Amino acid sequence: MVWLSSKNEQDISDKYHGLAVSVEELIAQQKYLPYLALQPNKLTSNRAGDVKSAFKGRGMEFEEVRAYNFSDDIRDIDWRVTARKSEPYTKIFAEEKDREIVVFLDLSATMVFGTRNELKSVTASKLASLIGWITVRNKDRFGLLIYDGKQTTYFKPQNNFTNLMYIFNQISLKSHEILQNNTLGDMSEAFDVLQYNQKGKGTIFILSDFYHIDTEKFKKIAVLARKHQVYCINIFDVLEEAAPQDGTYAAQYDDTKLVFDTSAENFRNQYRQYFQNNRENIKKNCQKFLCKYMEIRTDIPIFKQLSQI
């Protein structure tokens with residue numbers, strides 16, 4: 001196990017700012033917890049479904065209906081039973097104990113991209129750490145699966161600070177490794193690993209740009225969704241949503257070079273449509289397989305996007 005010293009960590013943070021994430025940056029995400037103290041009666045946006053419920057703390061399971069007492073919350077009144085009995089009755093909920101929250105962190109090749117603020121891989125890593133902090137705060141168990149395009153690493157859910165720091169350290173190391181060697185790979189095996197290890201009912205966050213998760217691979221997610229609550233969080237860069245300003249640009253990936261002109265209206269429409277088609281495909285699959293969908297941009301602080309839900 002390798003731990004980064006504060007001095008080395010600061011040097012790395014300065015050199016790779018926005019390109020890779022340091023342990024210090026992951027630890028710093030805890031300062032945003034007060035912004036995510038979501039209220040149970042806060043309405044949910046249409047854009048994100050009911051994603052906020054996963055951040056509210058421990059889940060609540062219905063237990064029984066009993067006669068209403070003066071101190072009970074009127075929002076829990078069971079109006080059907082009340083109408084039938086001609087006197088107020090309220091629903092009683094039992095707190096779910098020791099939930100498992102697991103993050104599927106996609107750090108494969110397409111996530112090593114970004115034009116504003118930071119790479120998608122960095123944004124996804126920060127979001128994973130924020131979910132970790134929320135989980136520990138709620139006294140639930142936090143686990144993680146990292147997929148880097150060629151290797152899958154699984155960390156068993158635990159509820160302790162030491163485990164959280166170890167996971168942060170591994171995320172940081174991996175975020176630096178993929179800058180030198182990144183691969184697209186086949187994500188199917190990673191989903192199989194997650195399914196094999198997740199025995200009990202829990203909540204799973206999939207952090208990815210979903211470019212290489214087609215309908216067939218989404219069926220792997222569907223298997224998880226039958227047992228767990230699954231949230232698909234689409235991480236994207238603003239340049240993926242809209243073409244850059246009019247002009248001629250050069251791009252290169254490995255040995256492939258491309259020169260393109262963004263001034264043509266047809267090009268800009270096709271460019272925008274490609275991203276929109278991918279977005280709609282993710283939403284369609286989420287709806288089909290009963291998963292929740294939301295989006296996180298790389299150029300806006302994560303806590304601001306979550307606090308608006």
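Helix α4 is mostly covered, with 16 of its 18 residues buried, that is, under 20% relative accessible area with a 1.4 Å probe and protein chains only. The model is predicted, with local features requiring pLDDT of at least 70 and side-chain atom pairs pLDDT 80 or more, while totals for chains, interfaces and linings use all residues. Residues are numbered from 1 along each chain as its sequence is written, and side-chain values use heavy atoms, without hydrogens or water.

- Lys139, which follows α4, has a positive phi near 60 degrees.
- Beyond its neighbours within four places in sequence, Leu127 is in contact (heavy atoms within 4.5 Å) with residues including Leu207, Ile233 and Ile302.

**Aromatic pairs**
- There are eleven aromatic pairs, counted where ring centres of Phe, Tyr or Trp (its six-membered ring) lie within 6.5 Å, and called stacked if the planes are under 30 degrees apart.
- Phe205 and Tyr231 are stacked, at 5.0 Å centre to centre and 15 degrees between the planes.
- This pair links strand β6 (residues 203-208) with strand β7 (residues 229-236), its members being 26 residues apart.
- Phe205 counts as buried because its relative accessibility is 1%, and Tyr231 is buried at 3%.
- Phe218 and Phe289 are also stacked, at 6.2 Å and 20 degrees, and both are buried.

How values were computed: Buried < 20%, exposed > 50% of the residue type's maximum accessible area, 1.4 Å probe, protein only. Helix = DSSP H or I, 4+ residues; strand = E, 2+ residues; numbered from the N terminus. Phe/Tyr/Trp six-rings, centres within 6.5 Å; stacked < 30°, edge-to-face > 60°.
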